[in-house]
Amino acid sequence: MMRYAQAFCLILGQACMLIVPLVARGEPDPGVSLRAESQAIPAWKHVGDNAQSVAISPDGKWIAAAFGGPSNGRFPLEPRGGGIAIWDASNGKLLRKVGEYGDVVRLEFTHDSQTLLYGRLYCPGDSIDLDDVVLLNVASGKQLQRWNRGYVCAASPKSAQILTAQGREICNALELNDLHIPGRDRNIELKDTHPARCLAYSPEGKIFVAVHPVLEPFIGKDGVVKPNVHSVRLEGLAVFDAATTSLRRRIIASELQNCTEVDVSPDGKLIATGHAKGSVRVWDGTSLTMIQELRIETADSVCPRFSPDGRQLAVLSQPADAPRRQDAVEAGGSKTPQKQKGTTCELVFYETNKLQALRRFVFDDGAFACYAGRRESLNPRRLAFSADGKRLLIGCNGLVLIETETGKIVCQFDSK
């Protein structure tokens, strides 16, 4: 049973987004505390699990969320309970749910709001990785395309271009109208790199950024370089022109290690990367130098998202339950023990002028169930701003829409 506020229909139904340039940003003051007074958001009763990843369509008509789930444990694999849910934003009605297994950690609408792009990672046991990127038709729920061997993806908010990361290239750029035409995708390659771990477009769609591994020669203890052997380090940050897919600039920096999420401010002047142990690193979008590291008190990864006007940066911690791998027990014969973890998660807002904390909310019901063994990859996008920035869709208390300034829950969505 779903609960929602009638006022939401008037707010989120508007499709226009106002982009306000960032104010002149002063230098961060290292003596200023980044703590903010916290406000508790109590748990609400809900039928389904907490959402793993969430999205709001560009035209404001649709709400989408992904819920992880196990498979049947035998090939051909079939989902058991998990999937992608889509709601009508004007009345909160659940339109459809498309079954999926594993962990859906990337979820985005395409520019025309007609299709939904998502990335799923799954390890059914026996060290087998079954990772996919999927394109769904919103109106019918029909699968239009599925790409294997990778879960990292991104959809341009302003054009028909999408990105996937498979093969040996950093990523592939495709046009929605050319999906079924062989050879129409553009492979984006750089020397001595592996496929991107994180991809994101700027809100205007003019650039996209990739956080990617780099290959380095392997030197043995004897000081001799080993031929045809390389070490792989997640230390690359690259900015590309979206129209031409040409490289604008790139850096190699150790501060990018363990990065699991990236986002770009509306004017492209700031880039934020999310890392383990509550760390967010903010980078200058032009020089690609790190400006400041922000930390919140968690041992988990954090997901950063810029507001539509670029004046605020929202950071969400990502507590997850122990993997529930009942299907892996059947398939591989090994059982992953479940350990109780904390269920709360923090949501902290920073202003982007001096990167000082503005306010902090703590959700009592913030954990999500996960099904993959690769915990370092579990940093799903569980928050999405409305077009006007006044509301935030978040995968806590099931799935809720809150007021950005007050944390007040405007409405709640259930997937069952």
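Visitor: What counts as an aromatic pair here, stacked, tilted or edge-to-face?
Guide: Rings of Phe, Tyr and Trp (its six-membered ring) pair if their centres lie within 6.5 Å; planes under 30 degrees apart are stacked, over 60 edge-to-face, the rest tilted. This is a predicted model, where local features need pLDDT of at least 70, side-chain atom pairs count only at pLDDT 80 or more, and totals for chains, interfaces and linings use all residues. Residues are numbered from 1 along each chain as its sequence is written, and side-chain values use heavy atoms, with hydrogens and water left out.

Visitor: How many aromatic pairs are found in the whole structure?
Guide: Five. One is W87 with F413: the ring centres are 5.5 Å apart and the planes are at 55 degrees, so this pair is tilted.

Visitor: Which parts does that pair tie together?
Guide: W87 is in strand 4 (residues 83-88) and F413 in the segment after strand 29 (409-412), so the pair links parts 326 residues apart in sequence. Strands are DSSP runs of E, at least two residues, numbered from the N terminus.

Visitor: Is W87 buried or exposed?
Guide: Buried, at 0% relative accessibility; the cut-off is under 20% relative accessible area, with a 1.4 Å probe and protein chains only. F413 is buried too, at 1%.

Visitor: Which residues have the most contacts inside the largest nonpolar core?
Guide: L163, I170, C171, L199, F208 and F240, in a core of 24 residues. Such a core is a set of buried Ala, Val, Leu, Ile, Met, Phe, Trp, Tyr and Cys residues joined through side-chain atoms within 4.5 Å. F208 and F240 also form an aromatic cluster with Y201.

Terms used: Helices (H or I, at least four residues) and strands (E, at least two) are DSSP runs, numbered from the N terminus. Buried means under 20% relative accessible area, exposed over 50%, partly exposed in between (1.4 Å probe, protein chains only).
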